[in-house]
Every structure is written in C-alpha cells, then in structure tokens.
Amino acid sequence: MLNFIKRKIALIWAKRHVKETENFKKNALEDQEKLLVSLVKTAGKTLFGRERNFEEIKDILTFQTQVPVADYEDLKPYIEKIRRGQSNILWPETPEYFAKTSGTTSGSKYVPISKEGMPFQIAAAQSAIFHYIAQKNNADFVSGKMIFLQGSPQLEEMNGIKTGRLSGIVAHHIPNYLQKNRLPSLKTNLIEDWETKVHEIVKETEKENMTLISGIPPWLIMYFEKLIERNGKKITDLFPNLQLIITGGVNYEPYREKMNELLGKKVDIIQTFPASEGFFAFQDDFQKEGLLLLTNHGIFYEFIPLDEYGKPDAKRLTLKEVELNKDYALILTTNSGLWAYSIGDVIRFISKDPYRILVSGRTKHFTSAFGEHVIAFEVEEAMKATVEKYPAQITEFHLAPQVNPNAGLPYHEWFIEFEKEPENIEDFRKILDEELRKRNTYYDDLIAGNVLQPLIITKLKKNTFHDYAKSQGKLGGQNKIPRLANDRKIGDFLEKFKM
C-alpha cells in the first residue's frame, strides 16, 4: 500500500512539474537576457564586478565588450583569493562549495558553487526524472532500490568552504524520500580506490531489488561486468525490475550496443549533461533525439562557432543567433561567479523550439595534425555507422595522428579494444574510413589528395583502457578518456598493449 501511494504521489508531482516547465521552453530568449542583467547586478560590488565596471552593463552587447571569454587559468587568481578566505571576489560572499576536478595545465581545479547555484544542480536532476515519469506515466522504480555510482561524499573544508568531487557533494543533497532506498552504504561510498569500491558495491547490490541505476557509461559497464562475472546472469535477469538508467558525462551512443548486451533486455535510458560548473541539459522527450537546454537555471549561455574558437575576434553568439547542426564552443556565465567561462565542451543544436542540443566533443579533444579538425562527434558517429554495417562490440577507442610513420604516407591511427571483433576487420576498416570521410570534408580531401593514407586500426588487449585510466589516476567517478587527440601522448601508451 505504501509503495502504491509513493508511485501515485510521484506521478502527480511529475505531471504538475512538466506543465510548469512549458513556460521556460517558450520564453528562453527573454529569460536569458533578463538573467544576464540580474547576474551582473547581483555581482556589481564584487572584486570582479568592480574591475569590469558591472555598473555600466545593461545589456548583452555591453557585457560582451567588457567581459572577455575566460578559462580556468584566467579566473584562477580570483579563485585563489577565495581559497585563502577572501569574500566578495567573483560572487557575493563566499561559495558554499568548491567542486574539485582534475585539470590538465592547472592541476586540480576548484570550481565554485554558490548557495544560489547548488539548488539548480539538484532541481535539474529531479526535473529529468519528473519528465521521464510524466512521459512514461510510470513511477514504479520509486518502490525499489536505487544506486548512484559516484565519488566519495567525504568533504574537506577550506576556510569554511566544503570541498570535494561534485558527485560527492550532490550525495549530501539527495532528497529524504529517496534516502531510504539508496545504495550503496555510506561506508562503501567513502572508499577511495575505485576497483575496491565497485567490488563492494557489487556485493551490496547483487541480491537487492534494483530499479534505478545511475552513472557514466564506462563505469556502469565495469559495474555490470563484475555483477555478471559473479552471478553468471545478464543484468535484467539479476535485476528483473530494473526500469531506468540515468547517465551523463559522455555521449552514450558509442556504449549503447555494449550496454544492451550486458543488460540483456531493453531498459529505459535518461541522458543528461551535468558538470561541476552547472547542470545544462537533459533528455526531456524519449521519442526525440537531443537534450533540452535549461535556459532558466541560473546560467547565461554564449556560443562561439568552433572554427573561430580561440581567435581574438571570435563571434560570441546568443541563443537568438545560433544555427542548427553547427558546432559551438559553450561559454557560461553562472550564478556561482563564472563569467564568460569557456567550459571546454562543444555542442550543436538540433532544435530551436524548444532548444535541444547534442554534446559533440571538447574544444581540446580533436585531431587536426593535418588541418582536418576532426571532432569527437564525427568519430563517434562514424564508428556507430560502421558497427551497424559490420556488427562488433567496442569496449573503447582512441584516435591519434601518426605524422611520421616508418614507411608510407601519414595516417590516423585508431586504437580499438574490441569486446567482439567484426567478422572481417579489413572491411570494417574501409567502411570506418569512408564514414569519417562523409562527416569531415577536410579529411576526405586529404585522403583524396594522397596527403594521408586511409586510417589504420590497431587492436588492443583486453582491459587496456582500464589500465590506462588507472595509470593516470582517472579510474572511476566522472573521469573519461578522450576519444581523440592532436598528439600521441595517449596513443604511445596504448601502443604498448597492441595485439
């Protein structure tokens, strides 16, 4: 009876919530301009606001003139002041949290999350679930056990600011009505070593009535494989009431076939786009492709055409100016004090009514050693199309340029760890090259002009990518391996494990 009431209440809440969200879908342009003016006004007396003359900013154009695009290195001096205990630097007072992320040039990055910003992180996740419940008219999963594969919820304190991984911070904000059904235990969640943690999660969950599982695809796969290894059953046989998987962090499509094979039967998927800097989008319509951009969640968005990104005079477009099916670097201004911040993600719009996007790559993850500027979305779509023609199961892959081969023309080298190889690897290779040529005209020209030879596939031993992630201290949590690079740093490591 209690479970029936919980499901009924969830359905009522969900339908009410979805009805309320129709306004922001219709008023996105107006909401965005109002939001920017409000953010600037709120931060007018901060150090950053005084330096950039926020009192003069009344519209988007003036903002773009006075506030240049910034990355973490540009904002780092301000963040260091906050870490030392100073207040009113980027946003009034001090942040409620620092989300600690793995940087590259910067080492660890500390992304501020204000008391105004944190509720939007939680509200976006709830909204994604409510949209699912309302559209499916089904909330059965609220009666079972739920697991969120996440970082440790243990937080450090830095001059009164709690600091930890975003997923660990979010663990402190799970609604009370979900806490009773939530796994794993706090003791297991506090384990830092990812492999040990997953092993304990498997033991805690394998006999439970799991109905919702959440995490990024590579780590869901790792969890599922360990469950199958211990129990000899597909996931839906082990968890017959599993209804919903929530995933984000990377494009789900390259993992779909592997996930389906491990699951055994169809399970509904919600795709999301969260980050330490904000929760940007989620799948709101399960009959359509793309993620709904959240335009009223404390974030003002700008978009730089990818072919202009990094240039001093690059255009900064607003929602009103974007075009469909073009790649843009995503620029954020947030209610946590990030100003014209380049997060490093590349997106493309597939709808403007409402605004729906696909995550197409990273500004730093591309291959252009020969001027081709191939991005992640192109290689992932090429791989997807190839696997449809020549069935195979891909654990993971990485593309690196080979500029100075021992013999012959340069080429793109695809390092692929197969779970199940295609029947004819040479035909697979040819089609993969053709599919990439269809998606990138520059690459096509280089092949046609005999500047490059067609791609070469290097097959890798089992667990190569797992071992690479472990060697870099990036096993678990929200860490992900780049699908492609403009150098051979990752490729040279992977080459040691070729078959």
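**Entry 1. Basis of the notes**

I note that the model is predicted, that local features need pLDDT of at least 70 and side-chain atom pairs count only at pLDDT 80 or more, while totals for chains, interfaces and linings use all residues. Residues are numbered from 1 along each chain as its sequence is written, and side-chain values use heavy atoms, with hydrogens and water left out.

**Entry 2. Salt bridges**

I turned next to charged pairs. Side chains of opposite charge can pair when their charged atoms come close. I took a salt bridge to be a side-chain nitrogen of Lys or Arg within 4 Å of a carboxyl oxygen of Asp or Glu. The structure holds 31 of them.

I returned to Lys266 and found that it forms a salt bridge with Asp268, with 3.1 Å between the closest N and O atoms.

I then examined Glu435, which forms a salt bridge with Lys438; their closest N and O atoms are 3.3 Å apart. Both residues lie in helix H15 (residues 425-439), three residues apart, which is about one turn of the helix. For helices I followed DSSP runs of H or I with at least four residues, and for strands runs of E with at least two, numbered from the N terminus. Glu435 counts as buried at 3% relative accessibility, and Lys438 counts as exposed at 57%.

I also recorded the salt bridge between the side chains of Lys115 and Glu116, at 3.5 Å from N to O. Lys115 is partly exposed, with a relative accessible area of 47%; Glu116 is partly exposed as well, with 31%.

Finally, I noted a network of salt bridges that links Glu225, Lys234, Lys258, Glu261, Glu419 and Lys462.

**Entry 3. Helix H11 and its neighbours**

I looked up how helix H10 (residues 194-205) meets helix H11 (residues 217-231): their axes come within 10 Å and cross at roughly 55 degrees. Here axes are lines fitted to C-alpha atoms, for helices over the stretch in contact, and angles run from 0 to 180 degrees between N-to-C directions. H10 and H11 are therefore oblique to each other, given that angles under 35 degrees count as roughly parallel, over 145 as roughly antiparallel, 65 to 115 as roughly perpendicular and the rest as oblique. H10 passes H11 in a right-handed crossing. A crossing is right-handed if the near helix is turned clockwise from the far one by less than a right angle, and left-handed if anticlockwise.

I listed the residues in contact, meaning heavy atoms within 4.5 Å. From H10 they include Trp194, Val198 and Ile201, and from H11 they include Trp219, Met222 and Arg230. The residues of this contact of H10 with H11 divide into eight nonpolar, two polar and four charged. In this count Ala, Val, Leu, Ile, Met, Phe, Trp, Tyr, Cys and Pro are nonpolar, Asp, Glu, Lys and Arg are charged, and the others, Gly among them, are polar.

I then compared the pair of H11 and helix H13 (residues 253-263), whose axes come within 10 Å and cross at roughly 25 degrees. That makes H11 roughly parallel to H13. H11 passes H13 in a left-handed crossing. Pro217, Pro218, Leu220, Ile221, Phe224, Glu225 and Ile228 of H11 meet Tyr255, Lys258, Met259, Leu262 and Leu263 of H13. I noted that this contact divides into ten nonpolar, no polar and two charged residues.

**Entry 4. Backbone and loops**

I found a cis peptide bond between Leu183 and Pro184, with omega about 0 degrees; Pro184 is in the loop between strand E6 (182-183) and helix H9 (186-189). Another cis peptide bond joins Asp353 and Pro354, and Pro354 lies in the loop between strand E14 (341-352) and strand E15 (355-362).

I noted that Asn88, which is not a glycine, has a positive phi near 55 degrees. Asn88 sits in the loop between helix H5 (72-83) and strand E1 (97-102).

Last, I looked up Gly473, in the loop between helix H17 (464-471) and helix H18 (489-495). Its C-alpha atom is 9.9 Å from that of Trp194, although the two residues are 279 residues apart along the chain.

Note on methods. Buried means under 20% relative accessible area, exposed over 50%, partly exposed in between (1.4 Å probe, protein chains only).
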